[in-house]
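Q: I have a model open and would like to go through a few of its residues and packing details. Could we begin with a single side chain and its surroundings?

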Amino acid sequence: MAMADEHQEVVVPESDGGSRADAALARLLGVSRSAVAQWCADGRVLRGGARLAKSDRVDAGDRLDVDLPDPEDKHRVIPEAVDGMGILLDDEDFVVVDKPVGVAAHPSPGWVGPTVVGALAAAGYRISTSGAPERVGIVHRLDVGTSGAMVVAKTEPAYTALKRAFKERTVDKVYHAVVQGLPEPLKGTIDAPIGRHPHHEWRFAVMEGGRDSVTHYEVLEAFGRASLVEVHLETGRTHQIRVHFSALRHPCAGDLTYGADPRLAAELGLTRQWLHAHRLGFAHPRTGEPVSVTSPYPVDLAYALTALSRGLV
């Protein structure tokens with residue numbers, strides 16, 4: 001059964017006098033500015049009985065009536081443009097986006113940042129309605145901290161075909177990663193089960209009883225303190241590449257969650273793991289013709305790679 005919306009009265013403090021309504025309420029209620037903007041658009045924010053627009057200015061002492069959405073609406077897609085998210089291939093059946101770091105694939109509990117589905121909605125894309133309401137059209141995901149190529153289905157047949165392709169492992173998922181040290185052998189396969197870490201809620205680990213996880217890799221270039229590797233995923237477990245290379249004691253550079261050297265990360269200017277979904281290859285969901293899309297390295301990863309190749313660290 002759906003829960004009833006919660007009504008809340010907010011009095012604007014002196015510190016927020018003169019602020020935009022969306023900015024003030026975001027600070028006062030601890031939610032994202034884009035969420036408040038959507039509430040304003042839905043007529044959920046009133047001042048003196050009149051609807052308040054997101055850009056309206058509020059004065060100190062104003063009493064704002066806010067109808068907070070049902071908590072289940074945390075999964076609702078909020079259209080929000082995302083700076084830096086490009087389109088690598090726009091087909092009538094699907095779209096391949098170039099996902100920046102810091103963007104989730106779709107809404108989820110606890111996530112208040114931008115999403116791929118929200119960005120596509122803001123850009124006017126109509127995508128497949130298949131899947132859970134918050135992840136319509138999503139056939140695979142990239143971690144928030146991982147950038148690169150990601151395909152989203154536009155039509156129902158494309159969704160079905162692409163979902164099947166990922167499930168049957170016929171999609172060529174190629175990642176590039178910079179890992180610490182030099183993996184031995186230079187080309188190999190990591191076949192080790194992955195499960196949720198028993199002591200850290202947001203981490204995963206190689207562990208007995210975990211799900212089958214297979215990673216193929218090849219060293220492309222060695223720099224001494226780190227190496228550029230190409231990775232082909234046979235399975236697609238959460239944090240798979242990060243966990244597997246951490247287990248080999250060659251964590252992704254910048255990946256402090258999985259044991260990377262913070263000093264090297266700082267020297268390379270990394271605030272996240274050096275991991276990028278570089279290429280996607282799959283059969284066109286309608287014609288069966290081969291499709292291959294490549295995502296160039298974003299600025300932060302390119303800078304770190306240049307520093308390594310020039311021996312600056």
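A: Leaving aside residues up to four places away in sequence, Gln 273 touches Gly 145, Thr 146, Arg 242, Cys 252, Ala 253, Gly 254, Asp 255 and Leu 301, where contact means heavy atoms within 4.5 Å. This is a predicted model: local features need pLDDT of at least 70, side-chain atom pairs count only at pLDDT 80 or more, and totals for chains, interfaces and linings use all residues. Residues are numbered from 1 along each chain as its sequence is written, and side-chain values use heavy atoms, with hydrogens and water left out.

Q: Is Gln 273 buried or exposed?
A: Gln 273 counts as buried because its relative accessibility is 5%; buried means under 20% relative accessible area, exposed over 50%, and partly exposed in between (1.4 Å probe, protein chains only).

Q: Which side chain does Gln 273 join in a polar contact?
A: The side chain of Thr 146, at 3.4 Å. A polar contact is a pair of N or O atoms within 3.5 Å; within protein, one must be able to donate a hydrogen and the other to accept it, and residues adjacent in sequence count only if both atoms are side-chain atoms.

Q: Turning to Ser 227, what is its relative accessibility?
A: Ser 227 is at 1% and therefore counts as buried.

Q: What lies 2.6 Å from a polar atom of its side chain?
A: The backbone oxygen of Gly 181. Among the other residues that Ser 227 touches are Ala 177, Leu 182 and Glu 221.
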